[in-house]
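Hi,

Here is the model I promised to pass on. Have a look, and my notes follow below.

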Amino acid sequence: MTQSVPSLPSAKVIHVDTRGAIILSEESPETRDSRGIYLPNYIEPVSHIAVDVGGSLAKVVYFTRSPEPPSSPSIAATRGSSIVSDISTPRSLSPCGEGSPISPSSTPPSRVNGALTPLVLDAQSNGGLGVPLTINGDIGDELLKDSFIRRTAQHFPGGSLNFERFETEHIDDCVQFIQALIERSAQVNGVSIEEMRKGVKIMATGGGAHKFYELFRDTLCVEVRREDEMECLIEGLKFITLIPDEVYFFSDELITSVAHSQPSSQGPALDRPSPDPPKFGVSFMSNPTPQFPCLLVNIGSGVSIIKVDKDGKFERVSGTSLGGGTLWGLLSLLTPATTFDEMLALSEEGDNSTVDMLVGDIYGQDYSKLGLKSTMIASSFGKVFKKGGKQAKFSPEDISKSLLYAVSNNIGQIAYMNAEKYNLDRIYFGGCFIRGHAATIATLSYAIRFWSKGTKRALFLRHEGFL
(Lines give C-alpha, C1' and ligand atoms only; values in the text may rest on other atoms or scores of the structure.)
Protein backbone atom coordinates (compact mmCIF):
# COMPACT_ATOMS: atom_id res chain seq x y z
CA MET A 1 0.00 0.00 0.00
CA THR A 2 1.35 3.42 -0.98
CA GLN A 3 2.10 5.48 2.06
CA SER A 4 1.78 9.22 2.37
CA VAL A 5 4.93 11.25 2.70
CA PRO A 6 4.82 13.69 5.63
CA SER A 7 5.33 17.35 4.90
CA LEU A 8 7.82 19.46 6.78
CA PRO A 9 7.01 22.79 8.45
CA SER A 10 8.73 26.10 7.82
CA ALA A 11 11.22 27.63 10.22
CA LYS A 12 9.78 29.72 13.03
CA VAL A 13 10.95 31.58 16.09
CA ILE A 14 12.35 29.06 18.58
CA HIS A 15 12.01 29.40 22.35
CA VAL A 16 14.44 26.97 23.94
CA ASP A 17 13.65 25.31 27.25
CA THR A 18 17.00 25.31 29.11
CA ARG A 19 15.77 23.73 32.36
CA GLY A 20 18.14 20.97 33.44
CA ALA A 21 20.56 21.65 30.57
CA ILE A 22 23.79 19.63 30.71
CA ILE A 23 27.10 20.42 29.01
CA LEU A 24 28.46 17.15 27.62
CA SER A 25 31.98 15.86 28.12
CA GLU A 26 34.57 16.45 25.42
CA GLU A 27 37.36 14.11 24.40
CA SER A 28 39.51 16.45 22.30
CA PRO A 29 41.55 19.36 23.72
CA GLU A 30 41.44 20.99 20.28
CA THR A 31 37.69 21.60 20.42
CA ARG A 32 36.86 22.01 24.07
CA ASP A 33 34.48 24.83 23.23
CA SER A 34 32.58 22.52 20.83
CA ARG A 35 31.07 20.18 23.40
CA GLY A 36 27.36 19.57 22.98
CA ILE A 37 24.59 20.85 25.23
CA TYR A 38 21.87 18.36 26.15
CA LEU A 39 18.42 19.88 26.72
CA PRO A 40 16.32 17.26 28.56
CA ASN A 41 13.09 19.30 28.57
CA TYR A 42 13.06 20.76 25.09
CA ILE A 43 10.18 19.49 22.92
CA GLU A 44 9.64 21.65 19.83
CA PRO A 45 10.91 20.42 16.42
CA VAL A 46 13.75 22.44 14.89
CA SER A 47 14.48 22.97 11.21
CA HIS A 48 17.15 25.67 11.57
CA ILE A 49 20.88 25.21 11.01
CA ALA A 50 22.80 28.19 12.38
CA VAL A 51 25.96 29.17 10.49
CA ASP A 52 28.36 31.96 11.48
CA VAL A 53 31.14 32.54 8.95
CA GLY A 54 33.87 34.91 10.11
CA GLY A 55 37.19 35.90 8.64
CA SER A 56 39.04 32.91 10.11
CA LEU A 57 36.47 30.33 11.22
CA ALA A 58 33.03 29.09 10.20
CA LYS A 59 30.84 27.79 13.01
CA VAL A 60 27.77 25.53 12.71
CA VAL A 61 25.14 24.83 15.40
CA TYR A 62 22.24 22.43 14.94
CA PHE A 63 19.75 20.47 17.07
CA THR A 64 19.20 16.70 17.08
CA ARG A 65 16.48 14.83 18.91
CA SER A 66 17.43 12.26 21.55
CA PRO A 67 15.65 11.08 24.72
CA GLU A 68 19.05 10.40 26.32
CA PRO A 69 22.23 12.52 26.26
CA PRO A 70 24.90 11.31 23.79
CA SER A 71 27.73 9.34 25.34
CA SER A 72 30.53 11.00 23.36
CA PRO A 73 31.29 14.14 21.35
CA SER A 74 30.74 14.50 17.63
CA ILE A 75 33.02 13.07 14.99
CA ALA A 76 34.03 16.50 13.71
CA ALA A 77 34.83 17.66 17.22
CA THR A 78 37.15 14.76 17.97
CA ARG A 79 38.93 14.96 14.64
CA GLY A 80 39.65 18.67 14.60
CA SER A 81 38.11 21.85 13.33
CA SER A 82 38.68 21.56 9.61
CA ILE A 83 37.69 17.92 9.14
CA VAL A 84 34.20 17.18 7.97
CA SER A 85 32.22 14.69 10.05
CA ASP A 86 31.98 11.34 8.30
CA ILE A 87 28.23 10.99 8.71
CA SER A 88 27.79 10.22 5.02
CA THR A 89 29.76 8.89 2.12
CA PRO A 90 32.17 11.57 0.84
CA ARG A 91 30.55 13.35 -2.08
CA SER A 92 31.15 16.13 -4.55
CA LEU A 93 29.63 19.56 -4.06
CA SER A 94 27.69 19.53 -7.32
CA PRO A 95 24.80 22.01 -7.10
CA CYS A 96 21.57 20.39 -5.95
CA GLY A 97 22.99 16.94 -6.63
CA GLU A 98 21.46 13.91 -5.03
CA GLY A 99 24.81 12.70 -3.80
CA SER A 100 26.09 9.19 -3.48
CA PRO A 101 23.87 6.79 -1.57
CA ILE A 102 25.30 5.15 1.51
CA SER A 103 26.70 1.84 0.39
CA PRO A 104 27.63 -1.31 2.33
CA SER A 105 31.28 -0.66 1.51
CA SER A 106 31.25 2.76 3.19
CA THR A 107 33.42 2.99 6.28
CA PRO A 108 31.03 3.67 9.14
CA PRO A 109 31.91 6.38 11.64
CA SER A 110 32.51 5.45 15.27
CA ARG A 111 29.47 7.52 16.11
CA VAL A 112 26.94 9.49 14.11
CA ASN A 113 25.63 12.67 15.59
CA GLY A 114 21.89 12.35 15.01
CA ALA A 115 19.68 14.04 12.46
CA LEU A 116 17.63 17.19 12.08
CA THR A 117 14.05 16.85 13.31
CA PRO A 118 11.91 19.39 11.51
CA LEU A 119 8.87 17.22 12.24
CA VAL A 120 8.02 14.58 14.82
CA LEU A 121 6.50 11.93 12.58
CA ASP A 122 3.20 10.27 13.32
CA ALA A 123 3.58 6.98 15.17
CA GLN A 124 0.94 5.27 13.04
CA SER A 125 2.04 6.66 9.69
CA ASN A 126 3.00 3.17 8.51
CA GLY A 127 3.90 -0.29 9.60
CA GLY A 128 7.43 0.00 8.31
CA LEU A 129 10.12 2.47 9.12
CA GLY A 130 10.31 4.43 5.89
CA VAL A 131 14.07 3.91 5.64
CA PRO A 132 15.71 1.82 2.89
CA LEU A 133 16.22 -1.60 4.43
CA THR A 134 19.12 -2.35 2.07
CA ILE A 135 21.44 -0.16 4.13
CA ASN A 136 23.95 -2.33 5.95
CA GLY A 137 26.43 -1.72 8.72
CA ASP A 138 26.43 0.60 11.72
CA ILE A 139 25.18 3.62 9.78
CA GLY A 140 22.12 1.65 8.68
CA ASP A 141 21.52 0.48 12.24
CA GLU A 142 21.64 4.07 13.46
CA LEU A 143 19.21 5.19 10.77
CA LEU A 144 16.76 2.45 11.67
CA LYS A 145 17.06 3.24 15.36
CA ASP A 146 16.52 6.96 14.84
CA SER A 147 13.57 6.38 12.54
CA PHE A 148 12.00 3.93 14.99
CA ILE A 149 12.26 6.51 17.77
CA ARG A 150 10.53 9.09 15.63
CA ARG A 151 7.63 6.76 14.90
CA THR A 152 7.09 5.35 18.38
CA ALA A 153 7.18 8.54 20.44
CA GLN A 154 5.52 11.86 19.80
CA HIS A 155 6.82 15.08 21.32
CA PHE A 156 9.13 13.29 23.73
CA PRO A 157 11.47 15.76 25.40
CA GLY A 158 15.21 15.77 25.00
CA GLY A 159 17.78 16.64 22.40
CA SER A 160 21.23 18.08 21.87
CA LEU A 161 22.68 21.26 20.47
CA ASN A 162 25.70 20.24 18.41
CA PHE A 163 28.64 22.52 17.67
CA GLU A 164 31.11 22.24 14.78
CA ARG A 165 33.72 24.59 13.39
CA PHE A 166 35.80 24.78 10.22
CA GLU A 167 38.49 27.09 8.93
CA THR A 168 36.90 29.62 6.58
CA GLU A 169 39.50 28.94 3.92
CA HIS A 170 38.05 25.40 3.85
CA ILE A 171 34.46 26.59 3.57
CA ASP A 172 33.67 23.71 1.19
CA ASP A 173 34.19 21.33 4.12
CA CYS A 174 31.56 23.23 6.05
CA VAL A 175 29.10 23.07 3.15
CA GLN A 176 29.80 19.36 2.66
CA PHE A 177 29.14 18.69 6.34
CA ILE A 178 25.75 20.43 6.17
CA GLN A 179 24.87 18.66 2.93
CA ALA A 180 25.63 15.27 4.47
CA LEU A 181 23.57 16.18 7.54
CA ILE A 182 20.55 17.11 5.42
CA GLU A 183 20.80 13.91 3.37
CA ARG A 184 21.01 11.70 6.43
CA SER A 185 18.14 13.58 8.06
CA ALA A 186 15.95 12.91 5.02
CA GLN A 187 16.62 9.19 5.37
CA VAL A 188 15.96 9.19 9.10
CA ASN A 189 12.70 11.10 8.72
CA GLY A 190 11.59 8.94 5.82
CA VAL A 191 11.14 11.82 3.37
CA SER A 192 12.67 12.64 0.03
CA ILE A 193 15.74 14.86 -0.15
CA GLU A 194 13.63 17.48 -1.96
CA GLU A 195 11.07 17.52 0.85
CA MET A 196 13.80 17.70 3.47
CA ARG A 197 15.37 20.70 1.76
CA LYS A 198 12.03 22.51 1.86
CA GLY A 199 11.92 22.10 5.65
CA VAL A 200 15.51 23.15 6.41
CA LYS A 201 16.53 26.78 6.81
CA ILE A 202 20.11 28.04 7.03
CA MET A 203 20.25 30.99 9.44
CA ALA A 204 23.52 32.63 8.40
CA THR A 205 25.43 35.48 9.99
CA GLY A 206 28.91 36.98 9.89
CA GLY A 207 30.65 38.41 6.86
CA GLY A 208 30.55 35.02 5.17
CA ALA A 209 26.75 35.07 5.20
CA HIS A 210 27.08 37.60 2.39
CA LYS A 211 30.33 36.43 0.79
CA PHE A 212 29.25 32.78 0.57
CA TYR A 213 25.50 33.28 0.25
CA GLU A 214 25.28 31.85 -3.27
CA LEU A 215 27.54 28.92 -2.34
CA PHE A 216 25.25 27.84 0.51
CA ARG A 217 22.04 28.52 -1.39
CA ASP A 218 22.97 26.92 -4.72
CA THR A 219 24.87 23.92 -3.34
CA LEU A 220 22.49 23.00 -0.54
CA CYS A 221 19.31 24.03 -2.38
CA VAL A 222 17.73 25.31 0.83
CA GLU A 223 16.53 28.71 1.94
CA VAL A 224 19.36 30.82 3.38
CA ARG A 225 18.40 33.71 5.65
CA ARG A 226 21.02 36.34 6.40
CA GLU A 227 20.77 37.63 9.96
CA ASP A 228 22.37 40.69 11.55
CA GLU A 229 25.66 39.70 13.18
CA MET A 230 25.40 41.87 16.29
CA GLU A 231 21.78 40.92 16.97
CA CYS A 232 22.73 37.23 16.77
CA LEU A 233 25.68 37.84 19.08
CA ILE A 234 23.50 39.33 21.81
CA GLU A 235 20.75 36.72 21.39
CA GLY A 236 23.46 34.07 21.71
CA LEU A 237 24.72 35.67 24.92
CA LYS A 238 21.19 35.78 26.35
CA PHE A 239 20.75 32.08 25.64
CA ILE A 240 24.14 30.67 26.58
CA THR A 241 24.31 32.46 29.94
CA LEU A 242 21.15 30.56 30.99
CA ILE A 243 22.99 27.21 30.71
CA PRO A 244 24.20 25.95 34.11
CA ASP A 245 28.01 25.89 34.48
CA GLU A 246 28.49 27.71 31.17
CA VAL A 247 29.89 30.93 32.67
CA TYR A 248 33.08 30.75 34.72
CA PHE A 249 35.83 32.95 36.10
CA PHE A 250 39.31 32.55 37.55
CA SER A 251 40.11 33.25 41.18
CA ASP A 252 42.69 35.91 42.03
CA GLU A 253 45.14 33.22 43.14
CA LEU A 254 44.79 31.29 39.89
CA ILE A 255 45.15 34.45 37.80
CA THR A 256 48.41 35.29 39.56
CA SER A 257 49.84 31.78 39.42
CA VAL A 258 49.22 31.44 35.69
CA ALA A 259 50.07 35.00 34.65
CA HIS A 260 53.39 35.09 36.48
CA SER A 261 54.61 31.50 36.30
CA GLN A 262 57.53 30.28 34.18
CA PRO A 263 57.60 26.99 32.22
CA SER A 264 60.24 25.47 34.49
CA SER A 265 58.17 26.05 37.62
CA GLN A 266 54.73 25.26 36.24
CA GLY A 267 52.75 22.47 37.78
CA PRO A 268 50.37 20.18 35.89
CA ALA A 269 48.61 21.71 32.89
CA LEU A 270 45.35 23.38 33.83
CA ASP A 271 42.33 21.36 32.82
CA ARG A 272 39.49 22.87 30.85
CA PRO A 273 36.90 24.16 33.35
CA SER A 274 34.27 21.53 34.07
CA PRO A 275 31.22 21.12 36.32
CA ASP A 276 33.49 19.39 38.86
CA PRO A 277 36.72 21.41 38.62
CA PRO A 278 39.96 20.73 40.51
CA LYS A 279 40.45 22.89 43.59
CA PHE A 280 42.55 25.55 41.89
CA GLY A 281 40.11 28.40 41.80
CA VAL A 282 37.86 28.06 38.74
CA SER A 283 34.35 29.12 39.74
CA PHE A 284 31.16 28.36 37.81
CA MET A 285 27.72 29.94 37.78
CA SER A 286 25.63 26.85 38.44
CA ASN A 287 22.35 28.73 38.93
CA PRO A 288 22.47 31.26 36.10
CA THR A 289 20.18 34.24 35.72
CA PRO A 290 20.09 36.95 33.05
CA GLN A 291 23.28 38.95 33.49
CA PHE A 292 22.45 42.36 32.05
CA PRO A 293 23.65 45.10 31.89
CA CYS A 294 27.12 44.02 30.82
CA LEU A 295 29.97 44.54 28.40
CA LEU A 296 30.58 41.86 25.78
CA VAL A 297 34.08 41.64 24.29
CA ASN A 298 33.94 39.39 21.24
CA ILE A 299 37.43 38.40 20.10
CA GLY A 300 37.53 36.91 16.64
CA SER A 301 39.83 37.96 13.81
CA GLY A 302 39.31 41.47 15.16
CA VAL A 303 37.60 42.65 18.35
CA SER A 304 34.14 44.13 18.88
CA ILE A 305 33.11 45.62 22.21
CA ILE A 306 29.36 45.80 22.79
CA LYS A 307 27.49 47.52 25.60
CA VAL A 308 24.31 45.66 26.55
CA ASP A 309 21.64 47.48 28.58
CA LYS A 310 19.40 45.93 31.21
CA ASP A 311 16.56 45.52 28.69
CA GLY A 312 18.83 43.80 26.16
CA LYS A 313 19.35 46.80 23.89
CA PHE A 314 22.91 46.96 22.64
CA GLU A 315 25.44 49.24 21.00
CA ARG A 316 28.88 48.55 19.59
CA VAL A 317 30.90 51.12 21.50
CA SER A 318 34.47 50.19 20.63
CA GLY A 319 36.79 47.61 19.15
CA THR A 320 40.26 47.03 17.79
CA SER A 321 41.82 45.47 14.70
CA LEU A 322 44.38 43.72 16.92
CA GLY A 323 42.67 40.40 17.65
CA GLY A 324 42.95 36.70 16.96
CA GLY A 325 43.77 37.30 13.30
CA THR A 326 46.69 39.49 14.37
CA LEU A 327 48.13 36.80 16.63
CA TRP A 328 47.55 34.09 14.02
CA GLY A 329 49.06 36.16 11.22
CA LEU A 330 52.17 37.36 13.03
CA LEU A 331 52.95 33.95 14.52
CA SER A 332 52.57 32.42 11.05
CA LEU A 333 55.38 34.75 9.97
CA LEU A 334 57.54 34.38 13.08
CA THR A 335 57.18 30.69 14.01
CA PRO A 336 56.83 27.33 12.22
CA ALA A 337 53.31 26.83 13.63
CA THR A 338 50.60 26.39 10.99
CA THR A 339 47.42 26.28 13.11
CA PHE A 340 46.08 28.39 15.94
CA ASP A 341 46.16 25.45 18.34
CA GLU A 342 49.82 24.82 17.50
CA MET A 343 50.55 28.46 18.32
CA LEU A 344 48.82 28.18 21.67
CA ALA A 345 50.76 24.98 22.37
CA LEU A 346 54.04 26.78 21.61
CA SER A 347 53.10 29.63 23.97
CA GLU A 348 52.55 27.16 26.81
CA GLU A 349 56.24 26.19 26.60
CA GLY A 350 57.54 29.73 26.21
CA ASP A 351 59.18 32.26 28.52
CA ASN A 352 58.17 35.78 27.54
CA SER A 353 60.83 37.34 29.81
CA THR A 354 63.51 36.50 27.21
CA VAL A 355 61.65 38.67 24.68
CA ASP A 356 59.74 41.26 26.74
CA MET A 357 61.31 44.01 28.81
CA LEU A 358 59.93 43.69 32.34
CA VAL A 359 59.59 46.22 35.14
CA GLY A 360 62.35 44.34 36.96
CA ASP A 361 64.68 44.80 33.99
CA ILE A 362 64.35 48.55 34.39
CA TYR A 363 64.13 48.99 38.18
CA GLY A 364 65.78 45.78 39.37
CA GLN A 365 62.79 45.23 41.64
CA ASP A 366 59.08 45.94 42.05
CA TYR A 367 57.92 49.51 41.58
CA SER A 368 55.70 49.32 44.64
CA LYS A 369 54.69 52.97 44.64
CA LEU A 370 52.83 52.43 41.37
CA GLY A 371 51.74 48.90 42.19
CA LEU A 372 53.94 47.37 39.49
CA LYS A 373 55.49 43.97 40.15
CA SER A 374 58.92 43.22 38.78
CA THR A 375 57.41 40.52 36.55
CA MET A 376 55.01 42.91 34.78
CA ILE A 377 55.69 43.68 31.13
CA ALA A 378 57.01 47.19 30.60
CA SER A 379 57.59 46.78 26.83
CA SER A 380 56.40 43.89 24.67
CA PHE A 381 59.31 42.60 22.54
CA GLY A 382 61.45 45.23 24.27
CA LYS A 383 64.52 42.97 24.45
CA VAL A 384 64.56 42.12 20.75
CA PHE A 385 66.32 45.31 19.67
CA LYS A 386 69.86 45.67 20.97
CA LYS A 387 72.20 48.59 20.59
CA GLY A 388 75.04 47.93 18.21
CA GLY A 389 72.73 46.26 15.71
CA LYS A 390 73.20 42.77 17.10
CA GLN A 391 70.05 40.75 17.46
CA ALA A 392 69.82 37.61 19.52
CA LYS A 393 67.89 34.54 18.40
CA PHE A 394 64.58 33.87 20.06
CA SER A 395 62.70 30.60 20.26
CA PRO A 396 59.25 30.17 18.64
CA GLU A 397 57.91 29.31 22.09
CA ASP A 398 59.10 32.56 23.67
CA ILE A 399 57.88 34.64 20.73
CA SER A 400 54.47 32.95 20.91
CA LYS A 401 54.03 33.67 24.60
CA SER A 402 55.18 37.27 24.25
CA LEU A 403 52.79 38.02 21.39
CA LEU A 404 49.91 36.23 23.12
CA TYR A 405 50.45 38.42 26.18
CA ALA A 406 50.75 41.57 24.05
CA VAL A 407 47.46 41.01 22.22
CA SER A 408 45.60 39.80 25.32
CA ASN A 409 46.82 42.68 27.52
CA ASN A 410 45.82 45.22 24.88
CA ILE A 411 42.31 43.75 24.60
CA GLY A 412 41.98 43.59 28.38
CA GLN A 413 42.91 47.25 28.84
CA ILE A 414 40.54 48.45 26.11
CA ALA A 415 37.77 46.35 27.66
CA TYR A 416 38.41 47.86 31.09
CA MET A 417 38.35 51.43 29.79
CA ASN A 418 34.97 50.85 28.13
CA ALA A 419 33.56 49.13 31.21
CA GLU A 420 34.70 52.09 33.31
CA LYS A 421 33.26 54.61 30.86
CA TYR A 422 29.83 52.98 30.89
CA ASN A 423 29.92 51.98 34.59
CA LEU A 424 29.66 48.24 33.93
CA ASP A 425 31.10 45.72 36.39
CA ARG A 426 30.35 42.54 34.43
CA ILE A 427 32.59 41.89 31.40
CA TYR A 428 32.05 38.82 29.23
CA PHE A 429 34.81 37.65 26.89
CA GLY A 430 33.86 35.49 23.92
CA GLY A 431 35.22 34.44 20.56
CA CYS A 432 37.42 31.67 19.20
CA PHE A 433 40.60 33.55 20.21
CA ILE A 434 40.23 32.33 23.81
CA ARG A 435 39.95 28.57 23.17
CA GLY A 436 39.81 27.81 26.92
CA HIS A 437 43.52 28.63 27.05
CA ALA A 438 44.64 29.22 30.64
CA ALA A 439 47.27 31.87 29.86
CA THR A 440 44.84 33.86 27.68
CA ILE A 441 42.10 33.73 30.31
CA ALA A 442 44.50 34.64 33.10
CA THR A 443 45.96 37.56 31.13
CA LEU A 444 42.55 39.05 30.33
CA SER A 445 41.40 38.47 33.92
CA TYR A 446 44.57 40.02 35.34
CA ALA A 447 44.21 43.10 33.14
CA ILE A 448 40.62 43.67 34.28
CA ARG A 449 41.48 43.08 37.93
CA PHE A 450 44.60 45.27 37.83
CA TRP A 451 43.10 48.30 36.09
CA SER A 452 39.82 48.17 38.01
CA LYS A 453 41.60 47.57 41.34
CA GLY A 454 39.45 44.49 41.83
CA THR A 455 36.06 46.19 41.30
CA LYS A 456 35.30 44.46 37.97
CA ARG A 457 35.32 40.81 36.96
CA ALA A 458 36.22 39.09 33.70
CA LEU A 459 33.74 36.31 32.85
CA PHE A 460 34.25 33.56 30.29
CA LEU A 461 32.08 31.08 28.40
CA ARG A 462 32.68 27.40 27.74
CA HIS A 463 31.19 27.87 24.25
CA GLU A 464 33.01 31.15 23.74
CA GLY A 465 33.50 30.61 20.01
CA PHE A 466 29.84 30.01 19.16
CA LEU A 467 28.05 33.18 20.27
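A quick word on terms first: I call a residue buried under 20% relative accessible area, exposed over 50%, and partly exposed in between (1.4 Å probe, protein chains only). By that scale Leu 333 is exposed, with a relative accessible area of 71%.

Before going on, this is a predicted model, where local features need pLDDT of at least 70, side-chain atom pairs count only at pLDDT 80 or more, and totals for chains, interfaces and linings use all residues. Residues are numbered from 1 along each chain as its sequence is written, and side-chain values use heavy atoms, with hydrogens and water left out.

Back to Leu 333: you'll find it in helix α9 (residues 324-334). Helices (H or I, at least four residues) and strands (E, at least two) are DSSP runs, numbered from the N terminus.

Next, helix α13 (residues 438-452). Because 12 of the 15 residues are buried, α13 is largely enclosed by the rest of the structure. Among the buried ones are Ile 441, Leu 444, Tyr 446 and Ser 452. Just after α13, Lys 453 has a positive phi of about 55°.

Now the aromatics. There are 13 aromatic pairs in the structure. Rings of Phe, Tyr and Trp (its six-membered ring) pair if their centres lie within 6.5 Å; planes under 30 degrees apart count as stacked, over 60 as edge-to-face and the rest as tilted. Tyr 363 and Tyr 367 have ring centres 4.6 Å apart and planes at 50°, so that pair is tilted. Tyr 363 is partly exposed at 48% relative accessibility, and Tyr 367 is partly exposed too, at 25%.

Phe 429 and Phe 460 are stacked, because their planes are at 20°, with ring centres 5.5 Å apart. This pair links distant parts of the chain: Phe 429 is in strand β15 (residues 426-430) and Phe 460 in strand β16 (residues 457-461), 31 residues apart. Both Phe 429 and Phe 460 are buried. Ring pairs also join them with Tyr 248, Phe 250 and Phe 284 into a cluster.

Last, charges over rings, meaning NZ of Lys or CZ of Arg within 6 Å of the ring centre and within 35 degrees of the ring normal. Arg 226 lies over the face of Tyr 213, 3.8 Å from the ring centre. The charged end of Arg 457 sits over the ring of Phe 249, at 4.0 Å from its centre.

Cheers
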